[in-house]
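Q: Hello! I would like to learn how to read a few features of a protein model. Could we go through them together?

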Number of protein chains: 2
Amino acid sequence: MIEQPLRRAILRAVIELDNLRAELQSTWLREIPLATAIGIEVAACGVGGITSRAPLEPNSNVHGTAFAGSLFSVCVLTGWGALWVALRHAGRTGRIVVSGSRIRYRKPVGGEIVCRCAPAEVTVRAALDQLHSTGRAKLSLTCTIDSEEQLAVTFEGTYVVLAKP
Amino acid sequence: MIEQPLRRAILRAVIELDNLRAELQSTWLREIPLATAIGIEVAACGVGGITSRAPLEPNSNVHGTAFAGSLFSVCVLTGWGALWVALRHAGRTGRIVVSGSRIRYRKPVGGEIVCRCAPAEVTVRAALDQLHSTGRAKLSLTCTIDSEEQLAVTFEGTYVVLAKP
């Protein structure tokens, strides 16, 4: 049986993550009109990363599969969101911008777009240290999208975090 | 004074390019819902390349500048469009897909998004030869977006053309 204080700590962590999930979702939809057009949702939000999803219909292309620009947008938002959650979870805020990225389309995505970004703990910790000591951090994050249980898209984005004055 | 046959040839070329511009624009808006959400338009269409534009408002981000995903989408469509025009101008058709790309955000875009793709003639000719002899061509295209007369975004996309059966 789990001890009472531990149960309370787990409950607090679950509530905090669910609040972050809801706040991230509403930030995307309120501030970025294209996020609404894409129909992106935060499907899961944890300390180890986030998962987002978007329906195919508003994101289809001339071939009836997912448009390259939609797949990129879902990836760039998911990386941004994973970093935003990691910062908030560490009690920090910052202005997050993307400075560049590479994307590879390995196979078409013919259904719901599901994207995962799970930053390595060491990467996040190094960025937090850098942000604390210099007011600026730069890090690379990888996002992936699978289709029919195979890797369909790999995205690597370089993000810069600037401490808020 | 320009000779009558030459005048007719110039007029035919202008009409052909204007028809291609209109057809590309309607293809984007009919087949790709996100193109409508972005509000992308073909601003200019020539044998040397195309220019597209999109308003800032539907493409803004949390910082009030253009969203990285919108800038990418405008670039990937402009590269696709420039290739589509080059193929049609050469009397060819093909299924065009993007297999990967790199993008670099050099400075924020705080107004209308204007994107240019001007493929080198030698690149297009090599792709047409490859398509003719093997039924498949692969080429790299560069798109750029300026902001306040400075280079703001550079995009390099790898496109694959497959001959239609």
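Q: How many aromatic pairs are there over all chains?
A: Welcome! Please keep in mind that this is a predicted model. The count comes to three aromatic pairs over all chains.

Q: What describes a pair of aromatic rings?
A: Two things do: the distance of the centres and the angle of the planes. Now take the case here. The rings of A:Phe72 and A:Phe155 are 5.4 Å apart, centre to centre, with 75° between their planes, and this pair is edge-to-face. The cut-off to remember is that planes over 60 degrees apart count as edge-to-face.

Q: Which parts of chain A does the pair of A:Phe72 and A:Phe155 link?
A: It links distant parts of the chain. A:Phe72 sits in helix α3 (residues 68-89), while A:Phe155 belongs to strand β6 (residues 150-163), and 83 residues separate the two.

Q: Are A:Phe72 and A:Phe155 buried or exposed?
A: Both A:Phe72 and A:Phe155 are buried.

Q: Why is the pair of B:Phe72 and B:Phe155 edge-to-face?
A: Use the distance and the angle again. The ring centres of B:Phe72 and B:Phe155 lie 5.4 Å apart and their planes meet at 75°, so this pair is edge-to-face. B:Phe72 is in helix α3 of chain B and B:Phe155 in strand β6 of chain B, so the pair ties together parts that are 83 residues apart in sequence. B:Phe72 and B:Phe155 are buried. To complete the picture, A:Phe72, A:Phe155, B:Phe72 and B:Phe155 form one aromatic cluster.

Q: How can chain A be laid on chain B?
A: A turn of 180° with a shift of 0.0 Å along the axis does it, with an RMSD of 0.0 Å. The two copies are therefore related as by a two-fold rotation axis. In chain A, the C-alpha nearest that axis belongs to A:Arg102, at 2.2 Å. The same surface serves both copies, as 100% of the contact residues of chain A recur in chain B.

Q: How many disulfides does the structure hold over all chains?
A: Zero disulfides over all chains.

Note on methods:
Residues are numbered from 1 along each chain as its sequence is written. Chains are lettered from A and ligands numbered from 1 in the order in which they are written. This is a predicted model: local features need pLDDT of at least 70, side-chain atom pairs count only at pLDDT 80 or more; totals for chains, interfaces and linings use all residues. Side-chain values use heavy atoms; hydrogens and water are left out. Copies are superposed by least squares on the C-alpha atoms of residues with pLDDT of at least 70 in both. Contact means heavy atoms within 4.5 Å. Rings of Phe, Tyr and Trp (its six-membered ring) pair if their centres lie within 6.5 Å; planes under 30 degrees apart count as stacked, over 60 as edge-to-face and the rest as tilted. Helices (H or I, at least four residues) and strands (E, at least two) are DSSP runs, numbered from the N terminus. Buried means under 20% relative accessible area, exposed over 50%, partly exposed in between (1.4 Å probe, protein chains only). A disulfide is a pair of cysteine sulfur atoms within 2.5 Å.
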